[in-house]
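Here is a short tour of some side-chain contacts and helix packing, meant to be read with the model open beside you.

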Amino acid sequence: MKIAKIEPYIIVCKLETPFYFSQGQYDTRRICIVKVILEDGTYGWGEGYGPADVIKSGIEYFKPFLVGKDALGHEILWEEMYHKSLDYARSGSLQAAISAIDVALWDIKGKLLQLPVSVLLGGIKNPLIQPYATGLYFTRVDNLKEKLVEEALLYKAQGFNATKMKVGLGIEEDIKYISAIREAIGPEMKLMIDANHAYSYREALELANKVEKYNIAWFEEPVSPEDYEGYRRLRANTSIPIAGGECEYLKYGFKRLLENECVDIAQPDICATGGLTEAKRIATLAQAYSKDVVPHTWGTWIAINAAVHFVGNLDKNPGRMHCDMPTMELDRTENALRDEVTKSTIIVEKGILQVPETPGLGVDVDLDALENYIEINTDESNVKVRS
Ligand code: MG
């Protein structure tokens, strides 16, 4: 089953409502997806998380080493790509390019064997997943607090039992929004906060101390991903569980995070950290450190479906007769690329999603929609975007 073609695409759309977080503003979605096609026409879709142009270049770089090779030997191909990047980019967006191709190879494998990816990973250990709603970004409105409360209540009404909000605007402002949302959603619904590494250790500790009373389920990326010591000290000095890892790559990055006692919850992004092949190794590593794994997930249904199969296969930590359903990230923010270009077999009902039993990832691309959103030229003046 030889690989005939590898076709990366950059898809792009303007947001109707731009939003911001501690590190910047989004007014456009721009994603690199890839189609890997075999000689018999079987194809799989993958996606990279990060700068779309860099990931597309990475895929072009790996392509000559993969065309003509057996698609079923995904670990052999993974090693080939890893060794072709090792001397120049031991972490970063070349790993996202590896991830995109790797995810597409798992999709292909599932289609060839007529099995869902979670079965190929070792079996559907968790047929039902209770995702948390990611949203609660900041928008340029006068009544931001009321808007955030309204959005959190919408997730509650939709059946989500947990939601994650952005922080990182400054401690007092963060507290204003956290307290308002907690008061509105009541004590039962889980609430996580995500600073996107906005704070120093001392600032993060001050925020953690001041919001412990709001029953925060985890504090995500409190400090810089380079500040392993800050992570370790914060975790030792707060009762709030600490989460992080969306900026880590490969098992080696997570080894640093775990051996330094930085996090309670490891958050590999499957489409950046090395694909499903490496994410499974990271899950095993985290299990050896007795840590939870909740993947960071962003982008189209390709990335979401990959995460669903991954979480569907995750071991319980530590496991007991009656376990809670595992969770994963489900981005609820505006994304036409997710909703129009990709079509998933996953249905989210009353805050619960079922791991799909369709072959492969259970996702496909609407080729007409792809045409509408595809970027035909990287020259800004000639970018074809949805207005
Ligand atoms: Mg995050």
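Asp 264 is partly exposed in this predicted model, and its relative accessible area is 23%. The side chain of Asp 264 has a partner: Arg 235 forms a salt bridge with it, and the closest N and O atoms are 3.0 Å apart. Arg 235 sits in helix α8 (residues 228-237), while Asp 264 belongs to the loop between α9 and β10 (265-266), so the pair ties together parts that are 29 residues apart in sequence.

How many salt bridges does a search of the whole structure find? The search finds 23.

| Salt bridge | N to O distance |
|---|---|
| Arg 235 with Asp 264 | 3.0 Å |
| Arg 29 with Asp 331 | 3.2 Å |
| Arg 338 with Asp 331 | 3.5 Å |

Asp 331 is worth a visit in the viewer. Its side chain meets that of Arg 29 in a salt bridge at 3.2 Å. Asp 331 lies in strand β12 (residues 329-331) and Arg 29 in strand β2 (residues 24-38), so this pair ties together parts that are 302 residues apart in sequence. Are these two residues buried or exposed? Both Asp 331 and Arg 29 are buried.

Asp 331 also forms a salt bridge with Arg 338, where the closest N and O atoms are 3.5 Å apart. Arg 338 counts as buried because its relative accessibility is 6%, and Asp 331 is buried with a relative accessible area of 3%.

Now for helix packing. Helix α9 (residues 250-259) and helix α10 (residues 275-288) have axes that come within 9 Å and cross at roughly 20 degrees. That makes α9 roughly parallel to α10, since angles under 35 degrees count as roughly parallel. The crossing of α9 and α10 is right-handed.

Last comes the surface. Leu 113, Leu 115 and Val 119 make a nonpolar surface patch of about 210 Å². Val 119 is part of helix α4 (residues 117-120). With a relative accessible area of 34%, Val 119 is partly exposed, and it can count towards a patch because patches are made of residues with over 30% relative accessible area and no salt bridge.

Technical notes. Residues are numbered from 1 along each chain as its sequence is written. This is a predicted model: local features need pLDDT of at least 70, side-chain atom pairs count only at pLDDT 80 or more; totals for chains, interfaces and linings use all residues. Side-chain values use heavy atoms; hydrogens and water are left out. Patches are made of residues with over 30% relative accessible area and no salt bridge: like charges are joined within 9 Å, nonpolar side chains (Val, Leu, Ile, Met, Phe, Trp, Tyr) within 5 Å. Accessible areas come from the Shrake-Rupley method with a 1.4 Å probe; for residues, only the protein chains shown count as cover. A salt bridge is a side-chain nitrogen of Lys or Arg within 4 Å of a carboxyl oxygen of Asp or Glu. Helices (H or I, at least four residues) and strands (E, at least two) are DSSP runs, numbered from the N terminus. Buried means under 20% relative accessible area, exposed over 50%, partly exposed in between (1.4 Å probe, protein chains only). Axes are lines fitted to C-alpha atoms, for helices over the stretch in contact, and angles run from 0 to 180 degrees between N-to-C directions. Angles under 35 degrees count as roughly parallel, over 145 as roughly antiparallel, 65 to 115 as roughly perpendicular and the rest as oblique. A crossing is left-handed if the near helix is turned anticlockwise from the far one by less than a right angle, and right-handed if clockwise.
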